[in-house]
Amino acid sequence: MAKTVNVLIIDPDEARAEQVAEGVRADNGAQETVIRQERHFELRMLRDFDPDMVIIACESPDRDMLEALQVANEQVPRPVVMFVDRSDDNATAKALEAGVAGYIVDGFNPKRISSILTVAAQRFAVTQGLRKDLDKAKADLAARKTIDRAKGVLMASRNLSEDDAYKALRKHAMDTGRPIQAVAADILAVSDLLKPGDSQ
Amino acid sequence: MTELKIAYSPLNDAALILVAEALGFYDSEGLNVTLIREANWSNIRDKLAYGMIDAAHILAPMPFAAALGLGPSMGRIIAPMALGANGNSVLVSAKLKARLEDGGQLDSTLMGSARLLAREVERRRREGLGRLVFAVPFTWSPHHFVLRHWAASGGLDPERQIQWIVVPPSRMADMVKDGVIDGFCSGSPWPQAAQLNGHGEILFSDPDYWTLKPEKVLGVRAAWAEANPEATIALTRALLRAGQWASAPAHREDLIRILARTASVNAPWKAIELALDGSGLTFDPQTATFPWISHAKWFMGQMVRWGMLSPDHDFDQLARHVYRPDLWREAAAPMGLDCPVADEKTEGGQTTGWEIPAKPHNIIMPANQLFDGGIFRCA
């Protein structure tokens, strides 16, 4: 595969960043890898360099900034890998559970970096996939509820069967070129207006 | 001796943690403490979660945000005390300050400056300029809530009309200078250092917003506290003693000396001094360290107000899970401090000193007033 991989390394310690860069290069032998090393993270790096992965030293003050972007800005989610200064497999597992794509334990050892980067990238892909599925599932559920309630209104007001109510909804959606969920929402909005007041 | 690792961020409001070490209060309470200076809040959170540290100086909203699933887990955390009140300031670029003034006198009240801010936002919109950018040190921070509350009081929708970014406090001044951000809210002494360097002007400080604003707390890993109940009380007591020492006017010079050390805050003496005078930072253990449940609920209320959180949570239970006034009383009573009878108090609406029921003697509290006159009562 000829795709270029952009890796951004943020570490105030340049010597260590160089070691990490070596590890990344060794790992990505087959792919062309562009590595950029910076002492500090700047927002424009996301736009200009468009990294596929960010590797940031745990003790960099910029970590908070990058993390806030991860949480708030869904447009530029990137795997973020961090260093911890103690080897503890259990801690790494917890970090992964916590949503961090990967913690490099004993990040000074270039040999260990390659496998962890691979895991981090895979882990990130899975998490992103799950999040998208979850969002879609939530949206689907909300749509289903709206459609069911609109069907109920049609069945009661026009004395239709459930199947016919659904067909009527679908036909209207097709005729007007709008999503069936939007048509259902309109029906519910109007039906509220037509209800006799019960609060008198 | 109980071994204990405590992390802190380089800020003036880490004073109690630093003072207790400098004066040997940990030792005399039977604690062998290793202090760790951390450059960012995420690290403190993660290290607490993995048990790499046992306690830390943390932003009061952090344990609640983490427990409510906002961001990565922090593990179970308890907060037996607050580490003082106030201490933050808001700094804006000289350019923005001039715009707000617009030749006239800048209204010194927050409501006044917020209206001028809204006017500037509207001008930028009309002229097709981008949104004003304000920086905070962490998403779930009092700083973020203060700036949003202030902007909203001028009629702005902080979510849509202002751009928020997270920036490490030590780099905020440079970003104002470079025109990347228009202003920021940060703990002292960073806004003061920025002003001294001519990178902007302080617009207001915590007491202008809320005369007795909660800010940092002592966060302790619940697992550690459960395994070391006596050491938890000893730690709280060491820090309360540090509060007694730090709030005595006679110790001011020594306090600045401790804070100014490279290993502590590492900021210029002048900036630290200016901050102690100007940011309203108070360490009085009697009036500024009790972990009020009402503070915890106020913070979670802010998360709901700004759309970070749905209101469908048991906030009372969560507040009491983290904030532990019972532990404060256990540590403070033998020291002769008066212990509040209730865990909650009305926040806001007290324009002068007032009395709260406490044992053995009632406590005279300083004014506790929000800039917009708001009063927060726990239902």
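Where in chain B is the place of B:Pro189? In this predicted model, B:Pro189 sits in the loop that runs between S8 and helix H10 (190–196) of chain B, and the bond that joins B:Ser188 to B:Pro189 is a cis peptide bond, with omega at about 10°.

**Around strand S8 of chain B**

- B:Ser186 belongs to strand S8 of chain B, which covers residues 183–187, and the loop that holds B:Pro189 lies between S8 and helix H10 (190–196).
- B:Ser186 counts as buried because its relative accessibility is 0%, where buried stands for a value under 20%.
- Leaving aside residues up to four places away in sequence, B:Ser186 is in contact with B:Gly87, B:Asn88 and B:Ser89, with B:His143, and with B:Pro169, B:Met172 and B:Pro191.

**Other backbone features**

- A cis peptide bond is also found between B:Lys359 and B:Pro360, where omega is about 0°; B:Pro360 is placed in the loop between strand S13 (358–359) and strand S14 (363–365) of chain B.
- B:Asn86 is not a glycine, and yet its phi is positive, at about 65°; the residue is located in the loop that separates strand S4 (77–82) from strand S5 (88–92) of chain B.
- Is B:Asn86 buried or exposed? With a relative accessible area of 2%, B:Asn86 is buried, although it is part of a loop.
- In chain A, A:Asn159 is a residue other than glycine with a positive phi, near 60°, and its place is the loop between helix H5 (110–158) and helix H6 (162–176).
- A:Asn159 has a relative accessibility of 72% and therefore counts as exposed, whereas B:Asn86 is buried.

**Helix H1 of chain B**

- Why can helix H1 (residues 15–22) of chain B be called largely enclosed by the rest of the structure? The reason is that six of its eight residues are buried.
- The buried residues of H1(B) are B:Ala15, B:Leu16, B:Ile17, B:Leu18, B:Val19 and B:Ala20.
- Just after H1(B) comes B:Gly24, which takes a positive phi of about 75°.

**Chain A as a whole**

- Chain A contains seven helices and five strands, and along the sequence these elements follow the pattern β-α-β-α-β-α-β-α-β-α-α-α.
- Of the 200 residues in chain A, 38% are buried.
- When contacts in chain A are taken between residues at least 6 apart in sequence, 58% of them join residues at least 24 apart.

**The interface of chain B and chain A**

- How many residues of chain B are in contact with chain A? On the side of chain B there are 23 such residues, and they are in contact with 23 residues of chain A.
- The two chains bury about 2,000 Å² between them, and 55% of this area is on carbon and sulfur atoms; in chain B, the residues that lose the most area to chain A are B:Tyr50, B:Met52 and B:Arg171, which together account for 32% of what that side buries.
- Three salt bridges are found across the interface of chain B and chain A, and one between B:Asp46 and A:Arg63 joins their side chains at 2.6 Å, N to O.
- Polar contacts between chain B and chain A come to six residue pairs, with both residues at pLDDT 80 or more.
- Helix H3 (41–49), strand S7 (162–166) and helix H9 (169–177) of chain B each supply at least two residues of the side that touches chain A, and the largest share of that side, seven residues, comes from H3(B).
- By residue class, the side of chain B that touches chain A divides into 14 nonpolar, five polar and four charged residues.

**Cysteines**

- Over all chains, the count of disulfides is zero.
- B:Cys185 is buried, since its relative accessible area is 1%, and B:Cys339 also counts as buried, at 9% relative accessibility.

Definitions and conventions. Residues numbered from 1 in each chain as written. Chains lettered and ligands numbered in written order. Predicted model: local features only at pLDDT ≥ 70, side-chain atom pairs only at ≥ 80, totals over all residues. Heavy atoms only, no water. Disulfide = S-S within 2.5 Å. Buried < 20%, exposed > 50% of the residue type's maximum accessible area, 1.4 Å probe, protein only. Contact = heavy atoms within 4.5 Å. Buried area = accessible area lost by both parts, 1.4 Å probe. Salt bridge = Lys/Arg side-chain N within 4 Å of Asp/Glu carboxyl O. Polar contact = N/O pair within 3.5 Å; in protein donor to acceptor, adjacent residues only side chain to side chain. Helix = DSSP H or I, 4+ residues; strand = E, 2+ residues; numbered from the N terminus. Nonpolar A, V, L, I, M, F, W, Y, C, P; charged D, E, K, R; others polar.
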